[in-house]
Amino acid sequence: MNQDFAVNRNISIPSYFYISGFSGIPHVRYYYMFLFFVYIITVLGNSCLMFVIIIDRNLHTPKYIAVFNLSLTDVCESTAVIPQLLDTFMFGNQLIPYGLCLYNMFSVFLFLSTQSLTLAVLSFDRFIAICLPLRYHMIVTHRSMLVIVAVTWAVALFMIGISTVFISRLSFCRVIVIINSFYCDHGPIYRSACSNNFPSYVIAGLYPVVIIGFPAFFIVFSYTCIAVTLFRITTPQDRQRATKTCTAHLILVAIFYVPITFTYVLSSIINTNTRIINLSLTSALPPMLNPIIYTFMTEEFMVSVKRLLKRRIIFPSRK
C-alpha cells in the first residue's frame, strides 16, 4: 500500500482533495468579488433581522420562529460556502485535507438542506393562516412550530450524517483526488472512489427527492391553495396585496429551487462551469434575498423596526 495513503480497516484514504473550480473562464476573480459582496450583505441583513426578532417581543410569534430559523440557516449556509470558496480560489488553496473536505461537505449540505425544509415550513405557516384562519392559533403554536423546526434539523442531520458516513467508508486509488466542483461536493467525491459506492449512489438519488423535491412540491401546493382561497373570499384590493406578496415569495423559491433542479436533472449533460455557476448562485442569492422578501417587505416587521428606532434601542442618544 502506498505510504501516502492513510489505511484504516482496508480503506484507502487520500491525503488531499483537489477542488478544480472553473476552467477556461477569463476574469473569474470578478465573480468571486461579487460573491464576497453578496456574502457581506447576507450577513448584515440576516443579522439585523435576527436582532430585531430577538429584541421586539411583538415578533415572538410562531411565524417568526421559522423566519429566525431561516435567517440563521442563511448565515450558516453562506458562511460554509463563500469564505471557503474565496480561500480556495482567490488564494490558491485548492488542496484540501481529507478530514476538512468531509467537514466542508457535511456543513454545506446540512445548512442547504435545512434552508430548503424551512422554506416549506414558512409556506405551511402561510397556508394555515390564509386557508384555515379560524384554526391558525390552534394548529400553529409556539410549541408546534418549535417541534417542526426541530424536525427539519433532525431530518437534515440524519440525511447528511448518513451520506458522510458512507463517504468515509469509500476507498480511493489516488493520493490526490480531483473534484470537479467549487467545494467538496458529494457527487464528484463518491464517483471518484474505486470501491463499491452503491450506498452513496442511493443517497445521491434520495437526497434530491427528500430535501429538494418534497419541499418544492409542498410549496407549490400550498401557494396554489392560497391563490384559490384568495380569489374566493377577498376583496380586489386585498387580493392584489396578497398576490404581490405570494408572487415575491414564489420568485424567491424559484431562485432557490430551479437552479438546483436544473443541475440535478441535467447533471449528465451540463459542463462543470455551468454546474458551479448554478450551485454557487443558489448558495449566495437566496440567503441575501430572504430577509428582504420575508420581512423587510412586510408591514409588520417594518413597524417593529420603527418602534425600536423610536425607543432608541438601536441608536441610543448621547448623554
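User: Is Arg307 buried, exposed or partly exposed, and how do I read that?

Analyst: Buried means under 20% relative accessible area, exposed means over 50%, and partly exposed is in between, using a 1.4 Å probe and protein chains only. Here Arg307 has 29% relative accessibility, so it counts as partly exposed. Keep in mind that this is a predicted model, where local features need pLDDT of at least 70 and side-chain atom pairs count only at pLDDT 80 or more, while totals for chains, interfaces and linings use all residues. Residues are numbered from 1 along each chain as its sequence is written, and side-chain values use heavy atoms, leaving out hydrogens and water.

User: Which side chain does Arg307 meet in a salt bridge?

Analyst: A salt bridge is a side-chain nitrogen of Lys or Arg within 4 Å of a carboxyl oxygen of Asp or Glu. Arg307 pairs up with Asp56, at 2.8 Å from N to O. The two sit in distant parts of the chain, 251 residues apart: Arg307 is in helix H10, and Asp56 is in the loop between helices H1 and H2. Helices are DSSP runs (H or I, at least four residues), as are strands (E, at least two), numbered from the N terminus. Asp56 is buried, at 2% relative accessible area.

User: How many salt bridges are found in the whole structure?

Analyst: The search finds 3. One of them joins Arg275 and Asp185, at 2.2 Å from N to O. That pair links helix H9 to the loop between strand S5 and helix H6, 90 residues apart. Arg275 is buried at 16%, and Asp185 is buried at 3%.

User: What does Arg126 form a salt bridge with?

Analyst: Its partner is Asp125, with the closest N and O atoms 2.6 Å apart. Asp125 is buried at 0%, whereas Arg126 is partly exposed at 22%.
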